[in-house]
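Please keep the sequence and the model in view while reading.

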Amino acid sequence: MSVVPAEVLPGGALAADETSGRAPAALGPRARLWPSLCAVYRAQLSRARVARIPLLFVATFQSIGIMILMRGVVDGGAEAQAVVAGSSVLVVAFVALNLLAQYFGQLRASGGLDHYATLPVPPAAVVLGAAGAYASFTVPGTVVTAVTGCLLFGLPMTHLWILVAVIPLAGAALAGLGAALGLLAPRPELATLLGQLGMSAALLLGVLPADRMPEVVRFARDLLPSTYGVEAFARTFGEAPAWGFVLGDLAVCAVVGVVSLAVATWAYRRAAVR
Amino acid sequence: MCAVRGLTKTYPAVRGRRGAPGTPALRATDDVRLDIAQGEIFGLLGPNGAGKTTLVRQLTGLMRPDSGSVEILGHDIVCHPERAARILAYLGQESSALDELTVSLAAETTGRLRGLDARRARAERDAVLDELGLAPIAGRPLKKLSGGQRRLACFASALVGERPLLVLDEPTTGMDPVARRAVWSAVDRRRAERGTTVLLVTHNVIEAETVLDRVAVLDRGRVIACDTPSGLKERVAGEVRVELLWRERAPLEVPEVAALQDRALESGRRWTLRLAPEEARTVVATVTGGAAFAALDDFTLATPSLEDVYLALGGAAQKGLVKA
C-alpha cells in the first residue's frame with residue numbers, strides 16, 4: 001500500500017518531548033482581509049459555471065413569469081412600475097437571500113465550514129466573499145427582468161442605470177440577511193425554510209401594489225429590506241423622479257446591508273468553533 | 001512538537017422527544033494524553049465512534065475541550081484556537097466547501113487563504129498537482145470526480161501553503177492503490193525534506209501497520225495503548241490467530257468444536273480465535289481430521305495484526321476495524 005517504511009528518521013526525530021523549554025515556533029502567515037476576500041469571491045463566482053441554471057436562470061424565469069401573469073391584472077401607471085421593480089428585486093431576493101441561506105445552511109451542517117475555519121482567514125472575508133458572489137449572480141437576471149418588464153408594460157428605460165446602485169445595495173442587505181439566517185439556523189432544513197419564507201415575503205410584499213393591502217401587511221412591508229430596493233427602483237420610472245427619496249431608500253438598504261453582514265460575520269464565527 | 005494533556009470532552013445528553021429516544025451524555029474524549037515528536041507519522045487508530053475525529057477537532061482548534069491542554073510547537077491551542085490555522089493544515093472528511101470548484105481553483109484558493117500571495121499560490125498549486133498526478137484533471141470540478149480522485153484533490157489543497165504539521169482525517173478513503181501511493185510518497189517527501197509531522201486518523205489496520213511510526217489506539221474516548229506498530233504487536237506476540245470458515249454451520253456435535261465456541265468470535269460462518277501456538281496446532285489438527293473436517297470450508301493461521309492488539313487490549317467494538 002505504501003512505499004514508505006515506517007522506521008524512525010535519522011537525527012533522533014523521535015527523541016522525547018522536545019518542545020519543553022523552547023520558545024514557541026513562528027506562526028505561518030495570516031491571510032489578509034482584502035486578498036482573501038477576493039480569493040473567496042473568485043472561487044464562489046466560479047461555482048456559477050457548475051451550477052449555472054439554479055444560480056442564474058431559475059430566478060429570472062420566475063420573475064418574468066410573474067410579470068406576464070400580472071399583465072392581465074395591472075393596467076399601467078404606478079402599479080405597473082411597482083410590478084416591474086418588484087419582480088426585478090425579487091431576483092435579488094431569490095438568489096442572495098434564499099440560495100445563500102441554503103448554501104450556508106448546508107455548508108454548516110455538512111462540516112464544510114471546517115475547511116475555512118482551519119485556514120487563517122478573517123471571518124469577514126468568507127462571509128463578504130460569498131455574499132458578494134451571490135449578489136453578483138443576481139446581475140444578469142435582474143437586468144434581463146427589468147428590461148423585459150419595461151418592454152411588457154411600456155415603461156421608459158431612461159433611468160435603468162439606477163440598477164447599478166440598486167443591485168449592490170439591495171444585494172448586500174439581502175445577502176447579509178441570507179448568510180445570517182443560513183449560519184444561525186440550527187438545522188439545514190430550517191435555513192432552507194427561512195430562506196424560502198424571506199423570498200416569499202419579498203414576492204408578496206414587493207410585487208403586489210401596496211395601496212390595496214391592509215395596514216398590518218403594509219407594516220410588514222416596511223420591515224422588509226427588499227421593499228426599499230423596490231421603492232427606489234420604482235420611483236425612477238416616473239416623469240420627474242424624486243431623487244432625494246431614491247437616495248433615502250438606498251441608504252436604508254445600505255444600513256441594513258452593513259448591519260446584516262456584521263451579524264452574519266458574527267454568526268460565522270459562532271458556527272465555525274463549537 | 002505536540003503535547004496533549006488530560007483532554008476531555010463530553011457531549012451533553014439529548015432529551016428524548018416524542019418518537020425519538022434521548023441519548024445519554026457521551027464522553028467523546030476522556031483524559032487523553034499524547035506526545036507527538038517532530039517528523040513523526042503518528043496515527044490514531046480505533047473503530048467508528050471511538051473519538052478519533054472529536055480528538056482531532058480539539059487539536060485543530062475547531063472544538064473547545066471541557067478541560068485539558070493542547071500545545072503545538074509551543075502554542076496553547078485551547079486558549080488561542082485561531083493559531084492552529086497558522087501551524088497546521090487539516091484535511092477533514094468533508095469536501096463540501098470545495099465541491100463545486102475545479103481541482104486547480106480549489107488548490108489555489110486554499111493556498112491564498114493560507115496567506116500565500118497570488119504568484120506563490122499558483123506556483124505551489126502547479127507543483128502539488130504535478131506531484132500527485134492531478135494535472136490532467138485540474139480543470140474539472142471536484143463534484144464530477146470519483147470519490148478517490150476527489151479525496152486526492154482535497155489532499156492537494158491541504159498541501160498548498162506548507163505547514164509543519166499535517167492533520168489528515170482518513171485521507172485515503174476510497175482511493176485506488178496508485179492514489180494511495182501518491183499520498184504516502186508526498187507525505188514522506190515532506191517529512192524527509194522539511195521534517196513535517198503528520199497526525200493521521202485511520203481505522204484501516206493494514207495502512208496503520210505500514211505507514212505509521214507510532215500509533216495511539218483509541219477506545220471509547222480513551223487512549224488504551226500508544227507505541228510503535230511492532231511494539232504493540234509484541235504485546236500479543238505469544239498468540240496466533242486462527243480463522244475457521246464453516247461450510248454451513250459449525251459442527252457443534254463434535255465435542256472439541258463445541259468446547260471452542262465460547263472463545264471464538266463468530267461472524268456468520270466465520271470463527272476467529274486467538275490462541276497460544278500450541279493450542280492453535282491442536283485446534284488445526286482437530287478440525288482438519290475427523291468429523292469436523294467435513295463441515296470445514298477453509299481455515300487460516302496468521303501472526304497477530306493491530307486488530308488483534310486492539311481486541312487483546314479490551315477494545316469494546318468487536319468488529320470495528322477495517323482490514324483492507
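The structure is a predicted model. In it, 47 residues of chain A are in contact with 54 residues of chain B. Over all chains, the count of salt bridges comes to 33, and three of these lie between chain A and chain B.

**Chain A: fold and overall form**

- Chain A contains ten helices and zero strands.
- Read from the N terminus, its elements therefore follow the order α-α-α-α-α-α-α-α-α-α.
- The radius of gyration of chain A is 23 Å, whereas the globule rule gives 19 Å for 274 residues; chain A is therefore more spread out than a compact globule.
- The C-alpha trace of chain A spans about 85 × 40 × 35 Å along its principal axes.
- Of the 274 residues in chain A, 51% count as buried.
- When contacts in chain A between residues at least 6 apart in sequence are considered, 83% of them join residues at least 24 apart.

**The interface between chain A and chain B**

- Together, chain A and chain B bury about 4600 Å² between them, and 61% of this area is on carbon and sulfur atoms.
- Between chain A and chain B, seven residue pairs are in polar contact, with both residues at pLDDT 80 or more.
- On the side of chain A that touches chain B, the elements giving two or more residues are helix 1 (33–50), helix 3 (77–110) and helix 4 (113–117) of chain A.
- Helix 1 of chain A provides the largest share of this side, with nine residues.
- By residue class, the side of chain A that touches chain B consists of 29 nonpolar, ten polar and eight charged residues.

**Salt bridges within chain A**

- The side chains of A:Arg235 and A:Asp249 meet in a salt bridge with an N to O distance of 2.9 Å.
- A:Arg235 belongs to helix 9 (residues 225–235) of chain A and A:Asp249 to helix 10 (residues 243–272) of chain A, so this pair ties together parts that are 14 residues apart in sequence.
- The two partners are placed as follows: A:Arg235 counts as partly exposed because its relative accessibility is 28%, whereas A:Asp249 counts as buried because its relative accessibility is 8%.

**Salt bridges within chain B**

- B:Asp30 and B:Arg222 form a salt bridge in which the closest N and O atoms are 2.9 Å apart.
- B:Asp30 is found in strand 2 of chain B and B:Arg222 in strand 10 of chain B, so the pair ties together parts that are 192 residues apart in sequence.
- B:Asp30 is buried, with a relative accessible area of 15%, while B:Arg222 is partly exposed at 42% relative accessibility.
- A further salt bridge joins B:Glu124 to B:Arg120, with the closest N and O atoms 2.9 Å apart.
- Both B:Glu124 and B:Arg120 lie in helix 4 (residues 118–131) of chain B, where they are four residues apart, about one turn of the helix.
- B:Glu124 counts as buried at 17% relative accessibility, and B:Arg120 is partly exposed with a relative accessible area of 45%.

**A network that involves both chains**

- Salt bridges that share partners connect A:Arg42, B:Glu108, B:Arg122, B:Arg125 and B:Asp126 in one network.

**Residues with positive phi in chain B**

- B:Asp31 has a positive phi of about 55°, although B:Asp31 is not a glycine.
- B:Asp31 is located in strand 2 (residues 26–36) of chain B, and B:Asp31 counts as partly exposed because its relative accessibility is 48%.
- B:Arg220, likewise not a glycine, has a positive phi of about 45°.
- The position of B:Arg220 is the loop between strand 9 (214–219) and strand 10 (222–227) of chain B.
- With 60% relative accessibility, B:Arg220 counts as exposed.

Note on methods:
Residues numbered from 1 in each chain as written. Chains lettered and ligands numbered in written order. Predicted model: local features only at pLDDT ≥ 70, side-chain atom pairs only at ≥ 80, totals over all residues. Heavy atoms only, no water. Contact = heavy atoms within 4.5 Å. Buried area = accessible area lost by both parts, 1.4 Å probe. Salt bridge = Lys/Arg side-chain N within 4 Å of Asp/Glu carboxyl O. Polar contact = N/O pair within 3.5 Å; in protein donor to acceptor, adjacent residues only side chain to side chain. Nonpolar A, V, L, I, M, F, W, Y, C, P; charged D, E, K, R; others polar. Rg over C-alpha atoms; globule rule 2.2 N^0.38 Å. Buried < 20%, exposed > 50% of the residue type's maximum accessible area, 1.4 Å probe, protein only.
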